[in-house]
Amino acid sequence: MAGTALPQARPDAEIILCVSAKEGLVAIPVGEKYSHGHTALRSTGAFEKQKAGFHVLRDLSTMRDVMPALAQAAKLYRVALTTSSNPYLGDYAQKLAHCLPGNWTATVEVYAHPVWQEDWLPLLWDSGQLTEAMERCRVPYGAVLTSSTGAELLLIEQPGAAGRYLLGACASSTFDDNYENPFAPPAIGLPKYPKLAAAQVTTSFLPRYEHAVHKRLLAEVESGHGRLEDLRRSAGDGHAESSTAVLRRLRPHAAHLLDRVWWATTPDRADAEALDRLTALLRPGRGDRPSVFRAPAPLPPASADDVRRWLADAPVLLKHARATLSPPSAADSRRALTSAPRAPAAPTASGRGR
């Protein structure tokens, strides 16, 4: 990592201790033999294990008795005890999430075994320090920040830089080719003060992130639409099976782009009718918002009629998507993070969207 000394390799069995204003003393067992850390902590009878994989000592007044017992157990099970120079990451993540625009949640994850950390690499959508840190350094835990609109970010302590943090993006959840993707925004380095960090994220990172999402979606939808146009010109309805397969793969990207167009523009009546029809076509049933942390739902089938409806109205979507691809701005990112997807308009007596 440029300008930052890489940390030394961590022990095979280690308990990282950090202080939390909410939890008390947090103990995080990590390393290839992380189970030894869990055993040492259980042997004290004082720590409560949490689902995320760490333990907490809530009553700090008992530390005088508990810490000697933990030190003895750590020696017995050959576990290194390390005191973190940073407060508990979960406290920082919660404060940061609270200060960001829209509604965010923060969840701590422990990558106790080094192999678990490697699972993150296909999920990151980053062109900067975050991917480099996850590839080259031991990162034993992180926090996932998730917005109610579906944005997913990873927060970690910056390796080799006490009191500094890195925040970067997970991909827009409809994509799976994220590593070294040309649209990926760079991660941002953050200071130890959550309110100051939130201001930097809001004014710098989130605008770049939302702009990158829009560009990537637009490029994907333009490419898919171009293939459908080529198939129509070359064979009419003779390639119906190929066309429906293209639309099936295109649908989740187009639905996401359509949501962004709805909150970013006020179309005239004719264009609004076309966008309403696309909304009904692309989102016949709304389920849970997709996430890179869950297996995607099966893509719904597409018919030849769906392809004809798409080809008729998609140029309106692409026109507005191109028009709203403005330079990154904090105002646009705030709207993207606080706007709910539009539901299809109720059909009129003629059966068409309003």
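Start by selecting A143: it stands opposite L155 in β8. Before moving on, know that this is a predicted model, in which local features need pLDDT of at least 70 and side-chain atom pairs count only at pLDDT 80 or more, while totals for chains, interfaces and linings use all residues. Residues are numbered from 1 along each chain as its sequence is written, and side-chain values use heavy atoms, with hydrogens and water left out.

Now widen the selection to the two strands. β7 (residues 141-147) and β8 (residues 152-157) run antiparallel and are joined by four bridges. Strand and helix names here are DSSP runs numbered from the N terminus: E for strands, at least two residues, and H or I for helices, at least four. Two strands pair if DSSP finds at least two bridges between them.

Zoom out to the sheet. Its five strands are ordered β6-β7-β8-β9-β10, open, with antiparallel pairing. Color β6 (104-110) and β10 as the edges, since each pairs on one side only. On average, neighbouring strands are turned by 25° against each other, direction ignored.

Next, the helices on the sheet. Show α5 (residues 129-136): this helix lies across β8 and β9, at about 60° to β8. Then show α6, which packs on the sheet and touches β6, β8, β9 and β10, its direction making about 175° with that of β10. Axes are lines fitted to C-alpha atoms (for helices, over the stretch in contact), and angles run from 0 to 180 degrees between N-to-C directions.

Which loop holds N178? Look between β9 (165-169) and β10 (188-190). N178 is buried, at a relative accessible area of 4%; buried means under 20%, exposed over 50%, and partly exposed in between, with a 1.4 Å probe and protein chains only. Select what is in contact with N178, leaving aside neighbours within four places in sequence, and you get P122, L123, L124, W125, A171 and R216. Contact means heavy atoms within 4.5 Å.

Hop to R78 for a contrast. R78 sits in the loop between α2 (63-76) and β5 (80-83) and has a positive phi of about 55° although it is not a glycine. Is R78 buried or exposed? Exposed, with a relative accessible area of 75%.

Then go to β2 (residues 24-30), where seven of its seven residues are buried. β1 (residues 14-20) pairs with β2 in the antiparallel sense over seven bridges, and a hairpin of three residues joins them. Click C18 and its bridge partner in β2, V26. From V26, carry on to V56, its bridge partner in β4; β2 and β4 (residues 55-57) pair antiparallel over three bridges.

Last close-up: α9 (residues 304-323). The 20 residues of this helix reach 29 Å from first C-alpha to last, close to the 28 Å expected at 1.5 Å a residue; that expectation is 1.5 Å times one less than the number of residues. At D313, α9 bends by about 45°, and the proline P315 follows within four residues. The bend is the angle between axes fitted to the seven residues ending there and the seven starting there. Buried residues of α9 include W310, L311 and H320, and the cover over the buried residues includes α6 (194-235), α7 (240-264) and α8 (269-282).

The protein chain has ten helices and ten strands, and 48% of its 354 residues count as buried.
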